[in-house]
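Please view the sequence and structure first.

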Amino acid sequence: MKFDMNKHESVIIVGAGLSGLRIASLLTAQGIPCTILEARDRIGGRVLSHEVAGRPDLGRFDLGPTWFWPRYERSITKLVKELGLKTFEQYNEGLMLTERSRQTPPQQHVLPEGAIERSLRFVGGVQSLIDAVSATLPSDTIRMNTRVTAIRQEANGKITLETDGQGESFRASAVIITLPPRIVVQNISFWPELPPNLKASMISKPTWMAAQAKAVAVYERPFWREKGLSGFVSSWAGPLQEIHDASPDSGAGALFGFFGLPAKSRRELGEENVLRLVVEQLTRLFGPSAENLGALLYKDWSSDPDTAADEDTEPLQYYPEYGPLADIESWGMKIIFAGTETAFEQGGHLEGSLRSAERAASEIVKLV
C-alpha cells in the first residue's frame, strides 16, 4: 500500500530514544519528512549519561546502557565509525572479586584469558551517541514535552495523534512507535482498537531495564586498580549483585552496579537507605578508600513512568523472547512498531534499537 505525503502530513515517530532518532535520521537522508514526538523533556529514552553537579571535569557516567560489543554488533559498530565517535575498551584487567556473604571477606579470582567478551564504551557516555544522531536531524524535527495519548485512523486512512498538555493533535501519513510495547498498551488508546492478539504480544514483551536500578560511585581516581583489582564483582550479599569499573577513559574513577534487590524492596527501603547499603558494600569489597566518594549517582528505572509499566516490577529471570509483534497488519501497515524489544536480534541492547530502526525505516521507504 502506497501513501502520499505533503508538508502537513509527515511520518510521525513516537519516542526520541535511540530507535526514534535513528529512524528519523534514516528517513531524513531519504528525503522523507518526519516529526518525533517525545514525552520527556530530554532525548535519549533509556540512555541517560549524567555529570557530577559542579564537577564536569570528572566526566559523564551512564545510568542506562553502557557498552556495545563490536565483534557481533555490526549496526552500532558501523554507525559509531560513520559518526566519528570516540570509544575506549571496558577495563577488565586484574582480579575479579566474589562476595558470598557480608560476614566473610571477598574472594579474589584470576579470570582466564578471553573469559570476558571485549566491549567498548563511549567517550562522554552513551549520550554522545544520542547527541551525534540527533545532530543529523533538522532543528525542528523533535517536539519534546509532547505525550501521545491517543492514535486514531480516520475513514480516509489518515492518522491523527492526540497529545496531552495543550491538547494539540498531529496528522500523519504513517506512525512509527518506538516506546516499550507495555508502555504503549498502558498509556495510549487506539481507534480502531488494537486486536487482542497484538495487545497480548505487546504485553508479553518485558521492558528491558524497567525493573532495574543502577548506582554509580564516582571517585577522584580508580584506586582499586592500584590494588590489582579489575572492579568486576559478583555478589550474593548485595545490594549490588554485579559491579564493574565505570571510570572514564582518563582521570576520574567510578564503579557502577546492578541491583539484586527487587524494585519493591528498593521502594520500601527508600533511596537514602539503598545508597547507604551501596556504600557499605563498596567499602567491604574495596576498603576504606571506597567511602571517599566524589558523588553517588542513582537511577531507579522501575519508578520511571515513561519506562516501566505495571507488569515490569518483577526482575527478569531469563532473557526475554524479543522480536516483531504479532498481528500488526490490522492497521493496513500505517502503524509500525520499533524499539529494542521488537528487534529480531540483540533485543534489549543498543544494537537491538538500531536494528529495529533500520527495519522500520526500510518499511516506510517501501510505502513511499
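How many salt bridges does the structure hold? The model, which is predicted, holds 22 salt bridges.

R46 and E341 are joined by a salt bridge through their side chains, at 2.7 Å from N to O. R46 is buried, with a relative accessible area of 16%. E341 is also buried, and its relative accessible area is 0%.

A salt bridge also links D312 and R182, whose closest N and O atoms are 2.6 Å apart. D312 is in the loop between β19 (295-300) and β20, while R182 is in helix α4 (residues 181-187); the two are 130 residues apart. Both D312 and R182 are buried.

D131 and R60 form a salt bridge in which the closest N and O atoms are 3.9 Å apart. Helix α3 (residues 127-134) contains D131 and strand β4 contains R60, so this pair ties together parts that are 71 residues apart in sequence. D131 counts as partly exposed at 34% relative accessibility, and R60 counts as partly exposed at 25%.

R60 is also one of the residues that line the largest cavity, and F61, D62 and F256 are among the others. This cavity holds about 50 Å³ of space. Strand β4 (55-62) and strand β15 (213-219) each supply at least two lining residues, and β4 gives the most, with 3. The lining has 4 nonpolar, 1 polar and 4 charged residues.

## Aromatic contacts

There are 12 aromatic pairs in the structure. The ring centres of Y219 and F223 are 5.1 Å apart and the ring planes stand at 85 degrees, so the pair is edge-to-face. Y219 and F223 are both buried. One aromatic cluster is made of W67, W69, F256 and F258.

Charged side chains also meet rings. The charged end of R100 sits over the ring of W236, 4.0 Å from the ring centre. K299 lies over the face of W301, at 4.8 Å from the ring centre.

## The second largest pocket

The second largest pocket has about 260 Å³ of space. It is lined by 13 residues, of which E89, Q90, N92, E93 and I116 are the closest to its centre. By class, the lining has 5 nonpolar, 3 polar and 5 charged residues.

How values were computed: Residues are numbered from 1 along each chain as its sequence is written. This is a predicted model: local features need pLDDT of at least 70, side-chain atom pairs count only at pLDDT 80 or more; totals for chains, interfaces and linings use all residues. Side-chain values use heavy atoms; hydrogens and water are left out. On a 1 Å grid over the protein atoms alone, a cavity is a set of points where a 1.4 Å probe fits but cannot get out, and a pocket is an open set with protein on both sides within 12 Å along at least five of seven lines; lining residues have an atom within 4 Å of a point. Grid points are joined across faces, edges and corners, and a volume is the space filled by probe spheres set on the points. Ala, Val, Leu, Ile, Met, Phe, Trp, Tyr, Cys and Pro count as nonpolar, Asp, Glu, Lys and Arg as charged, and the others, Gly among them, as polar. Rings of Phe, Tyr and Trp (its six-membered ring) pair if their centres lie within 6.5 Å; planes under 30 degrees apart count as stacked, over 60 as edge-to-face and the rest as tilted. Buried means under 20% relative accessible area, exposed over 50%, partly exposed in between (1.4 Å probe, protein chains only). A charge sits over a ring if NZ of Lys or CZ of Arg is within 6 Å of the ring centre and within 35 degrees of the ring normal. Helices (H or I, at least four residues) and strands (E, at least two) are DSSP runs, numbered from the N terminus. A salt bridge is a side-chain nitrogen of Lys or Arg within 4 Å of a carboxyl oxygen of Asp or Glu.
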